[in-house]
Amino acid sequence: MGWLSAGDGYEVALVDGRVAARATSGRAAGRQLKSLPRALRDHPEVDRLRRFAEWLDRHATACVAQVDSWMVSSLPVPTGLLARVWPDEAWQSALRDIAVVGDDPDEVGFLRGATEDGELRVVNLDGETVRLSPRTVTLPHPVLLPDLQDIREFAAELGIVQRVEQIHRATWQRPADLDPKATEIREFTGGSFRSRFALAARASSLGYRVSGGYSTARVRDGGRTVEAAVWIGEPYWEDTVETGALTWQDQEGRALPLREVGPVAWSEGMRMAAALYAGRVIEEGKSA
């Protein structure tokens with residue numbers, strides 16, 4: 001953005017997300033100053049730019065969250081919508097290099113651009129830049145991608161860095177030999193925390209919802225919404241707590257047998273349980 005007048009002898013602008021100033025007269029005229037002069041710190045133009053920078057940060061965070069939601073749910077996204085938001089730098093940063101699938105479910109490409117008429121520019125797994133114009137695309141959850149390890153290796157060769165964790169997202173496959181009556185996973189139980197507050201704070205910091213005694217993750221999987229939940233202790237409990245079992249339930253609150261849990265809901269539930277458990281207190285002399 002351009003430089004704005006801010007009183008006698010100075011101009012201000014947002015530079016790399018921070019308010020910067022430059023002199024308009026004297027020996028330093030035209031040069032950006034290393035720090036904001038004291039005379040400008042309470043200037044209305046500086047305050048306006050600060051508030052605008054805060055809004056830009058919130059907007060960028062919201063864009064990443066929305067793209068993450070599309071990816072976790074593997075919902076079809078209109079290509080026209082991607083084309084409309086692409087000129088916005090925050091949207092572009094969140095979407096660039098995300099793996100997308102068009103009309104052919106076996107054709108995976110990394111998004112590099114979108115035109116005004118809804119055409120997408122992607123790098124396919126042959127390393128070629130191609131143009132696609134399907135009505136919708138999906139941003140598939142990695143557990144649904146065939147040959148995921150090969151895709152990860154190819155992404156590494158291209159130097160791809162994703163703002164939304166997709167290709168290198170930790171995934172878990174549901175075992176085939178599950179007990180038909182089993183409804184919970186206890187692999188990540190017993191993780192000790194100094195307080196229930198510490199465990200709840202960890203869940204919130206990881207982006208999970210804390211409701212009652214549970215950390216939860218709601219996932220749309222195979223056309224239905226499923227909620228994964230890990231027991232984290234009674235609210236207001238002041239003593240040490242331990243992580244409990246991982247379970248899944250449908251929209252009616254029915255506990256799902258493990259065999260009925262879809263691949264995305266399974267992977268995301270295990271990812272949440274593992275992330276919570278990783279923050280446990282490790283006794284001195286023991287390894288994590």
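Buried means under 20% relative accessible area, exposed means over 50%, and partly exposed lies in between, with a 1.4 Å probe and protein chains only as cover. This is a predicted model, in which local features need pLDDT of at least 70 and side-chain atom pairs count only at pLDDT 80 or more, while totals for chains, interfaces and linings use all residues. Residues are numbered from 1 along each chain as its sequence is written, and side-chain values use heavy atoms, with hydrogens and water left out.

**Exercise 1.** Classify aspartate 147 as buried or exposed, and describe its backbone.

Solution. Step one is the location: aspartate 147 sits in the loop between β9 (136-138) and α4 (148-158). Helices (H or I, at least four residues) and strands (E, at least two) are DSSP runs, numbered from the N terminus. Step two is the accessibility: aspartate 147 counts as exposed because its relative accessibility is 55%. Step three is the backbone: phi of aspartate 147 is positive, near 55 degrees. Most residues other than glycine have a negative phi. Serine 74, in the loop between α1 and β4 (76-78), is not a glycine and has a positive phi of about 50 degrees.

**Exercise 2.** Find which residues of helix α5 (residues 196-205) are buried, and what covers them.

Solution. First, list the buried residues: Arg196, Leu199, Ala200 and Ala203. They cover an arc of only 95 degrees around the axis, so they lie on the same side of α5; the arc is that of the directions from the helix axis to the C-beta atoms. Next, turn to the face away from the buried side, which carries the exposed residues Phe197 and Ser205. Then look for the cover, counting contact as heavy atoms within 4.5 Å: it includes β11 (192-193), β12 (209-211), β13 (214-221), β15 (241-242) and α6. Last, glycine 207 follows α5 and has a positive phi, near 95 degrees.

**Exercise 3.** Describe the span of helix α6 (residues 263-277) and how many of its residues are buried.

Solution. The 15 residues of α6 reach 21 Å from the first C-alpha to the last, close to the 21 Å expected at 1.5 Å a residue. The expected span is 1.5 Å times one less than the number of residues. Of the 15 residues of α6, 13 are buried, so the helix is largely enclosed by the rest of the structure.
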